[in-house]
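Welcome! Here is a short briefing to read alongside the sequence and the 3D view.

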There are 2 protein chains.
Amino acid sequence: MSETIGLINPGAMGASVGAAAAGTDHRVIWASSGRSDASRERADKAGLEDCVTLQRLIEQSDIILSICPPHAAEAVAGEIAAAGFSGTYLEGNAISPKRTRKIEQLILSSGGRFVDGGIIGGPAWRKESNTRLYLSGEQAIDIAACFSGSPLEAIVISNQIGAASALKMTFAAYTKGSTALLSAILAVAERSGVRAELERQWGDSFAEQTRNRVAANTAKAWRFAGEMREISATFTDAGIPGDFHEGAAEIFERLSQFKDRTGVPAIEEVLDALLDPSGSS
Amino acid sequence: MSETIGLINPGAMGASVGAAAAGTDHRVIWASSGRSDASRERADKAGLEDCVTLQRLIEQSDIILSICPPHAAEAVAGEIAAAGFSGTYLEGNAISPKRTRKIEQLILSSGGRFVDGGIIGGPAWRKESNTRLYLSGEQAIDIAACFSGSPLEAIVISNQIGAASALKMTFAAYTKGSTALLSAILAVAERSGVRAELERQWGDSFAEQTRNRVAANTAKAWRFAGEMREISATFTDAGIPGDFHEGAAEIFERLSQFKDRTGVPAIEEVLDALLDPSGSS
């Protein structure tokens, strides 16, 4: 049963998800209108078919996969719903369970079916990436079927909308949250003149690991602030303080200037950006 | 050169610090007035001499060591300064560099000398505890001399008041901050119905380690909230968001009910306390 799958959008993660589905004899289409050359290159590499406009993608797709930055998730779903999409919609983004349920209402009201998803891991080009797409909702199995035998492991965890989002949020809360915390700590130690002493107390191995982790993370920081705000909202909705990830969002915002940087910056430059976010030094 | 050292107070950490100094041929005194039976037992075990009143302790001491909960540090120093103490005062508590410098002013204005200190590690009964007393300030070497050859390793890191405090704050920011973060995450996952799935994604070893760490920490949580607020202030004073540790303070406050509990509680009970801080369930 080959279906047509519409992918929104072939970013770094989305392209690998599209390729995984395209490799299992589904037709995977994307809409190039208004997208960058980098997206086109990734879509070509992933074996996706260009249907040019979003309108055509909506008309032709049995299934739509939404894989985009968290701040765009609701707007994307709004457009799809407004066009009257009546197929199955995967909300695969790093957003709170509450926002996921809000998007579910949009899709249901247009006559579509809705599946909650959360991706854990990097782009899923190879099985060895160990990337997982967690799914929840009554139709979750239909989305899982799109990836059967592909490098992206699809796992259905619940028939409740919100479960896959909650898993994604709580997992990223530690991986990205602790990176933000360590970035902040190195900056405070630097400003206080005790970074060398702190690193000595940490021990060489943990200190080096931490510097590398903080510096390597800067390239992706620009798109983490939105995810941190979603995690903060997830915590607050669960009755737990959201402050940790409000702090993390601010840290990642101060590092967003490293977005188009080639190569990993020196730790000193990263700490300067954190300590002098206006860049006046 | 044997000196008289006044210890305020023989808590779990303070008693071990007093014992370390008493083991190096110094006379170490404490004031039992108004203190608990538990303090008296610890002081006896540590080999401290009871001078009964704070007034006598101040009169007889060449050096005073302040080792108390962070929220009490300023009040303790205020009493010592008001009594006209003119010896050397060690501020050894988990407080921000700014509060340390404020306390320095109190002590200097009464004619005393001031040393900044930060203890990293558990009670220092044996060398194997690897507990370190970091020191900074012009008279730091005089405090270090009190612990020469003792189980407490004294390390002078700077002649600047504030450096030892900053080191303590930035070190605890990760150890205690990440424990608070993991506690919060487990609670959110529990409330969202995905704790089993999160623990499966984490892997057995990290999941078990985390549950144990979160549960074992509850006995000490009651005295961590104040330290988290000092860390938050340290971050803010350095121009970095203090939100992480505001969240951590709230988490530890919700766990303060485990203070006098015998044995380690089950993780389910810990998560209940976090999710229902009023205890209405």
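Which strands of chain A does helix 5 (residues 97-109) of chain A lie across? Helix 5 lies across strand 5 (88-91) and strand 6 (113-120) of chain A, and runs at about 145° to strand 6 of chain A. Such angles run from 0 to 180 degrees between N-to-C directions, with axes being lines fitted to C-alpha atoms, for helices over the stretch in contact. Helices (H or I, at least four residues) and strands (E, at least two) are DSSP runs, numbered from the N terminus.

This is a predicted model, in which local features need pLDDT of at least 70 and side-chain atom pairs count only at pLDDT 80 or more, while totals for chains, interfaces and linings use all residues. Residues are numbered from 1 along each chain as its sequence is written, and chains are lettered from A and ligands numbered from 1 in the order in which they are written.

**The sheet of chain A**
- Eight strands of chain A make an open sheet with mixed pairing, in the order 3-2-1-4-5-6-7-8; two strands pair if DSSP finds at least two bridges between them.
- At the edges are strand 3 (49-50) and strand 8 (153-158) of chain A, each pairing on one side only.
- Strand 1 (residues 4-8) and strand 2 (residues 27-30) of chain A run parallel and are joined by three bridges; A:T4 has A:R27 as its bridge partner in strand 2.

**Where the chains meet**
- Chain B and chain A each bring 40 residues to the contact (two residues are in contact if their C-beta atoms, placed from the backbone, lie within 7 Å).
- On the side of chain B that touches chain A, helix 7 of chain B gives the largest share, 17 residues.

**Helix 11 of chain B**
- Helix 11 (residues 243-254) of chain B reaches 17 Å from its first C-alpha to its last, close to the 16 Å expected at 1.5 Å a residue (the expected span is 1.5 Å times one less than the number of residues).
- Of the 12 residues in helix 11 of chain B, 10 are buried, including B:F244 and B:I251. A residue is buried if 20 or more other C-beta atoms lie within 10 Å of its own, exposed if 12 or fewer, and partly exposed in between, with C-beta atoms placed from the backbone.
- Among the elements covering these buried residues are helix 7 (163-191) and helix 11 (243-254) of chain A.

**A loop residue of chain B**
- B:G122 sits in the loop between strand 6 (113-120) and strand 7 (132-136) of chain B.
- B:G122 counts as exposed because it has 12 C-beta neighbours inside 10 Å.
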